[in-house]
Every structure is written in C-alpha cells, then in structure tokens.
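Morning, everyone. I'd like to walk you through one structure today.

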Amino acid sequence: MGTALIVVAALATAVVLDLISGLLVRRAARGRYKWLLEPLRLACRRPAAAVLLVGALYFTLPPGPAEWQRYLRHTVLLVLIALSSWLVIRVLNVVETVVFTKLPSDLVTSRRIRRARTQIRPVRRLTVAVVTVVAIGLILITFRPVRLAGISILTSAGVIGALIGLSARTALGNAFAGIQIAFADGMHVGDVLVVDGEWGRVEEVKLTNVVIRLWDDRVLILPTTYFTERPFQNWTRNESRVLGKVQIHVDYTADLDDLRQEARRLVESSPLWDRGQWVLQMVDATPQSVVIQVQASAADGASAWDLRCDLREGLIRYLRDHHPQWLPRTRSQYQP
C-alpha cells in the first residue's frame with residue numbers, strides 16, 4: 001500500500017509539474033523565443049514527464065532494509081539515467097532541426113550558411129555519442145561488482161581498450177578527421193569540389209565520411225581522412241561564383257578580334273552567365289596551332305559547367321560554318 005501511494009503521488013507530481021511547465025512555456029512562447037520553445041515543448045513533453053515521474057519516484061522511495069526494496073530503487077535509478085539521456089538527446093535533435101529551419105534554404109549564395117550547416121550536424125552527433133557513453137558509464141557505475149573490481153579489472157580493461165583501439169584505429173581517425181573538417185573551414189555543405197578529376201557538390205559531412213553528389217548524379221562517398229591527407233579543389237570556398245574556362249586550338253591565320261566578337265555574343269546571350277566577367281585570350285602556341293581560352297563566370301559550379309559546354313559548342317560551330325580555314329591544319333612543303 002505504501003509503495004502504491006508513493007507511485008500515485010509521484011505520478012500526480014509529474015502531471016502537475018508537466019501542466020505548470022507547459023503553461024509557462026506557452027506564455028513565454030508568445031514572445032521572441034516562440035520559434036524555439038514550441039518545438040521543444042512538443043518534442044520533449046513525453047520524455048520530460050517520464051523523467052519527472054521516475055525522478056520523483058526515485059527520491060521518494062525509501063532505501064529500506066529489504067532486498068527487493070534495494071533492487072527496486074536500483075532499477076528506478078537505471079531507468080532515470082536512461083530517460084535523462086533520452087531527454088538530452090531529444091533536446092539536441094530539436095535544437096538542430098530548429099536551427100536548420102531558421103537558416104535560409106539556399107546553399108549556394110551564402111558561405112556562412114554552408115559553414116553553419118557543416119558544423120552543426122557533426123557537433124550534434126558527437127554530443128549525442130558523448131551523452132550515450134556517459135549514460136552507459138553511469139549505469140555501469142551503479143553496479144557494485146563493476147565499481148569495486150579493483151586493479152585487476154583496470155588491467156584487463158586496459159588490455160581490452162588497447163585491442164579495441166588498434167582494431168578501431170581507422171574509425172577513430174575518421175571521426176577526428178570529421179571534426180577537423182567541420183571546423184577547419186576548408187569545406188562546407190554545398191561546396192563544389194573536384195576530387196580525382198571528378199567534380200560534384202558536397203551533400204553531407206559526417207563524422208566518418210563525406211557524401212558528394214557528382215555532376216552525373218552519381219554519389220561518391222569518401223572517408224573524412226581523405227580530405228585531411230590529400231589535396232582537393234574547392235571552387236566555392238570563398239564565394240559561390242565559379243570562373244569557367246574553355247580552350248580551343250585554331251590556325252595561326254585566325255582573326256582573334258572576330259573570334260572575340262563571337263565569344264562576346266555567345267556569353268552575353270547565355271542565361272548561365274552571371275553578368276560578372278569574361279575574357280578571350282591566346283594562352284599558348286604549338287607548331288601547328290594557337291590555343292585560345294575563353295573565361296566566363298557563372299553563379300555556381302553546375303552553371304559554369306553548362307556554360308563551358310555551350311561556349312565550346314558555339315565557337316566550334318562558328319568556326320565550322322563561317323571560317324573553316326581557321327581550323328587547325330598540318331602544313332607540308334614540297335621541294336623538288
């Protein structure tokens with residue numbers, strides 16, 4: 001009967017506290033923090049009520065001399081630790097979701113937005129892992145045999161830890177590399193990268209791997225240590241605008257002013273050009289031809305790729321239809 005009354009009293013206390021906290025949150029949510037308090041209230045109501053109930057039950061249960069009372073109190077303590085960790089993890093997930101909803105959805109224009117998205121998710125995952133490990137450690141500490149094992153347990157734990165460390169060396173290295181990438185400011189979610197001759201956009205940065213969506217919709221998944229040990233190109237580290245380059249071989253007799261006018265017409269008529277900059281230059285010469293290069297800026301990597309293809313196609317069509325004599329030729333001289 002006494003235990004039943006304690007359970008009923010704890011349940012009533014949890015319900016009352018839940019109602020009072022809900023009323024306070026609703027009143028406070030009318031102000032400037034509504035965007036954060038309301039999602040927290042909706043997502044954390046059940047775990048918070050469970051923590052209040054189990055916490056009240058634990059602190060009201062007497063230790064008691066009977067063995068079943070000690071077991072009951074110990075079980076309630078374990079449940080309280082698990083529920084508390086669940087509540088903390090739920091709060092972290094809600095905060096991450098709310099922060100993402102407050103950020104603009106355009107990943108191309110703002111470098112600060114890409115940086116925030118890159119750093120928040122790995123930090124949340126690392127925090128969840130730390131909370132889980134701490135909860136498991138607190139649960140194990142409550143068992144007397146584990147707490148009082150002594151030097152033998154520490155020695156065996158050291159040997160097991162060394163073996164686990166050797167076997168999980170790659171995974172731990174990738175995890176630390178993921179944290180380094182998140183805060184080293186060298187790559188963000190939404191950046192355009194060139195890796196081993198393939199270019200694509202970063203979709204997700206995890207603790208152990210990076211997901212890149214390539215230009216042809218293939219998905220490239222690389223370990224995070226790849227980006228800390230090998231060089232890679234980041235086209236959008238400082239800004240999202242990308243400068244595309246097109247090189248074409250033409251004959252020595254080609255009129256560059258005429259080609260420059262045609263290139264201007266192609267660039268200005270293209271909707272992919274961001275109205276930034278463009279230029280046509282002779283960048284190299286070979287014994288058979290000269291190399292002209294057209295540079296034009298676009299809003300992002302995908303637009304720059306399409307603009308390069310359009311310019312290359314337009315210039316070659318112009319040479320073929322209007323000036324075929326400017327195409328590269330191999331000359332020979334006959335001497336009798």
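Start at the hairpin. It joins S7 to S8 through 4 residues. This is a predicted model, by the way. S7 covers residues 273–285, and S8 covers residues 290–298. The two strands run antiparallel, and 8 bridges join them. Let me give you two of the partners. Ala-285 is bridged to Val-290 in S8. Trp-278 has Ala-296 of S8 as its bridge partner. As a reminder, strands of a sheet pair through backbone hydrogen bonds, either parallel or antiparallel.

Now widen the view. In what order do the 3 strands of the open sheet come? The order is S6-S8-S7, and the pairing is antiparallel. S6, residues 242–250, stands at one edge, and S7 at the other. Each has a single partner strand, so one side of each is left without a neighbour in the sheet. From one strand to the next, the twist averages 20°.

Next, the helices. H9 spans residues 256–269 and lies across S6, S7 and S8. Against S7, helix H9 runs at about 155°. Then there is H10, residues 301–322. Helix H10 also packs on the sheet, where it touches S6, S7 and S8. Its direction makes about 20° with that of S6.

What sits between these pieces? Look at the largest nonpolar core, which has 25 residues. Which of them touch the most other members? They are Ile-248, Val-250, Leu-259, Trp-278, Ala-296 and Leu-311. S6, H9, S7, S8 and H10 each give two or more residues to this core. H10 supplies the largest share, with 6 residues.

Last topic: aromatic rings. The count comes to 3 aromatic pairs. A pair of rings is described by the distance of the centres and the angle of the planes. Take Trp-199 and Trp-305. Their ring centres are 6.0 Å apart and their planes stand at 40°, so this pair is tilted. The pair links distant parts of the chain. Trp-199 is in strand S2, residues 198–205, while Trp-305 is in helix H10, and the two are 106 residues apart. Are they buried or exposed? Trp-199 counts as buried, at 11% relative accessibility. Trp-305 is partly exposed, because its relative accessible area is 27% and the cut-off for buried is under 20%.

Now Phe-227 and Phe-232. Here the centres are 5.2 Å apart and the planes at 85°, so the pair is edge-to-face. Phe-227 counts as buried at 8% relative accessibility, and Phe-232 as partly exposed at 25%. Tyr-226 joins in too: ring pairs link Tyr-226, Phe-227 and Phe-232 into a cluster.

To recap. An open sheet of 3 strands, with H9 lying across S6, S7 and S8 and H10 packing on the sheet. Thanks, that's my tour.

Conventions. Residues numbered from 1 in each chain as written. Predicted model: local features only at pLDDT ≥ 70, side-chain atom pairs only at ≥ 80, totals over all residues. Heavy atoms only, no water. Pairing = 2+ DSSP bridges. Axes fitted to C-alpha atoms, helices over the stretch in contact; angles between N-to-C directions. Contact = heavy atoms within 4.5 Å. Phe/Tyr/Trp six-rings, centres within 6.5 Å; stacked < 30°, edge-to-face > 60°. Buried < 20%, exposed > 50% of the residue type's maximum accessible area, 1.4 Å probe, protein only. Core = buried A, V, L, I, M, F, W, Y, C linked by side-chain atoms within 4.5 Å.
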